[in-house]
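Dear colleague,

Here is the structure I promised to hand over, with the sequence alongside. My notes on what turned up in it follow below.

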Amino acid sequence: MNTFSEGSVDAVVIGAGHAGCEAALALARTGLKTVILTLNLDSIGFMPCNPSVGGTAKGHLVREIDALGGEMGLNADRCALQYRMLNEGKGAAVQSLRAQVDKNRYHTEMKRVLEHTENLRIVQGEAAEILVDFVQGRTPTPTPPPDAGGGRIEAESPSLPTNAGGGRIEAESPSLPPPVEGGRGVGPHVIGVKTTYGGVFSCRAVVIATGVYLNAQTITGEVVNDSGPNGFARATALTQNLIELGFKVRRFKTGTPARLDGRTVERSALELQPGEMTYPFSFMNGSVPAEQTPCYLGWTNGETHRVILENLDRAPLYNGQISSTGPRYCPSIETKVVRFADKARHQLFLEPEGADTTEVYVQGLSTSLPHDLQREMYRTVKGLEHCDIVRYAYAIEYDCIDTLDLLPTLEFKKVEGLYTAGQINGTSGYEEAAAQGLMAGLNASLKLRNMPPLVLRRDEAYIGVLIDDLVTKGTEEPYRMMTSRAEFRLSLRQDNADLRLTEYGHGCGLVTEERYMVYRNRVELRNSVMGALNQRAEREIADMVVTKHGDPPLTSGVTYADLIRRGIPLSEIREAFGILQETPKDVLLSCETEIKYEGYLKRAAAEAERARRMEEKPLPPDLDYAKIQGLRLEAREKLNKIRPLSLGQAERISGVSPADIAVLMVYLTLQK
């Protein structure tokens, strides 16, 4: 095939899903000429699964993306049909915002944003090859550990070895020569992307964000189709090239439930789930709409389970037709019925796909059963006895990579300038993808602008937890963010994401001056509220409030903050004293939490400081762990495979014990 030039740009983003959109916007908005390459313009920002944004821990990610200057929160607010705060009856650390969104509008609005972004060109086409070249006198440079200042990295160091491994590897045939010790050999780096039509985009950085499209196959019963999600074409040309570049490729699976004709659903037989007047995703927006679209709650039953259990021989997950690894925390209904045989029923939600369609998404009934069994199964549910299916459910298998081959910047260890983000990294979920896309695009931009990269620590952001888990621990199944993964979750709340991250986004050039001014105003407002809460409360009213809660009478004056420390909710204090009536809900929550959990937060800060000190102790990139006396065999193997950049990263590797870390600390001391 003849090749031809498609022009020269700074960066190419492959894929226009949630990861690709954030990566492309991060690059273009920081002044770099960028191309976003997509198989189909109609799939830009598409939601192939649930019509929602946020959820447990995912809501945290969306607010962090917004705080850094990303687009997901803004776009979700534009298209929201309903908001709910999950876990509102629990502590602030695990409360998570979730919104039902108009699926088609989310796509069209994101496409509009891309089309009107300066420095960004959209091209419909399929990437066939990442073009690389070799530079004499240097090797690819890994990201060194972050400094104590909070995520910025100031120096570069020699290349890491290229032997990181993983599970379920289908093929590996690296064609690139390894770096030569001392940096005197040749180092591969990105120079372009070639499409299946022979077009060549010359560039200095590439972000691969192919989602679930690489060699995708959809499976429904006995029928297997070579297809991407929702009937979109799959990508077939890039996987072999990734293997040749040194990636370890493996196979994961996900799935989606059926969509029903809402006119055939008996909603009166289901439990109404109305929206809530909470706060929006974006810190740029002040409130949520008063009028919201309801969802509905339903349950499976014994008859539903009978249909499944009597037909497991026709279920691809149980007859051997599907062998790839699916998501643990979002299983199919077949898996739930088999795994939790003691449960008499399982919850499901009926969620609107959009304001201009009758399609209804059945959250909780994902399946890959044949069409006839799907029809029978869905109709066993109360309220769905006469339902018509407009889109049948399916499972989808796809190629992804082993993230132990990535640096904390999401740059590939073996090819400089090549980044990956989203489901190609083995994650599941729109929010996880968007967070990675933003960080990959931003770090590619910083590298091209000769600025230090941005690596968020685990105590700074859920995004930091997500990426550190991927590049330090890897994942043997589709990775989903959860609040339990974050050891500093009391500090990493939704309400304070801007306080944690907006300064970083502004320093990187992604947060606009308008957005930064909104942030500064929120900081001032928050400080004002904290000052007000430390004022003396009127004694007579305070006595009544305390007595109402069954506490002994006050013996001296108290502040509003003292009342919060006694366990009295701020909402009750506001009502009793008539204070802070116009303050936004998330600002109030932030201040209340800081006061209520002051002691816990101080202890968490001390632990975070200890972790930062460990991150400041770098490990030589060429260190041969096999030669260090005292390390256990498992630790030597894991350390040589992952090549941690610091003692902090080393101690988070599964199979490396505290005793092994002590040996490393002694070894480093003796080398000085």
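A residue is called buried here when under 20% of its relative accessible area remains, exposed when over 50%, and partly exposed in between (1.4 Å probe, protein chains only). Please bear in mind that this is a predicted model, in which local features need pLDDT of at least 70 and side-chain atom pairs count only at pLDDT 80 or more, while totals for chains, interfaces and linings use all residues. Residues are numbered from 1 along each chain as its sequence is written, and side-chain values use heavy atoms, with hydrogens and water left out.

Helices (H or I, at least four residues) and strands (E, at least two) are DSSP runs, numbered from the N terminus. Helix H9 (residues 430–448) is mostly covered, with 18 of its 19 residues buried, and just after H9 the residue Asn450 takes a positive phi of about 60°.

Turning to the aromatic rings, those of Phe, Tyr and Trp (its six-membered ring) are paired if their centres lie within 6.5 Å, and planes under 30 degrees apart count as stacked, over 60 as edge-to-face and the rest as tilted. The whole structure holds 6 aromatic pairs. The rings of Phe247 and Phe412 are a stacked pair, because their centres are 3.7 Å apart and their planes at 15°. This pair links distant parts of the chain, 165 residues apart, with Phe247 in the loop between helix H5 (239–245) and strand E14 (249–256) and Phe412 in the loop between strand E21 (394–401) and strand E22 (418–420). Both Phe247 and Phe412 are buried.

The rings of Tyr560 and Phe577, with centres 5.0 Å apart and planes at 80°, are therefore edge-to-face. Tyr560 counts as buried at 11% relative accessibility, and Phe577 likewise counts as buried, at 14%.

A charge sits over a ring if NZ of Lys or CZ of Arg is within 6 Å of the ring centre and within 35 degrees of the ring normal. Arg63 lies over the face of Phe283, at 4.0 Å from the ring centre, and the charged end of Arg345 sits over the ring of Trp299, 3.6 Å from its centre.

With best wishes
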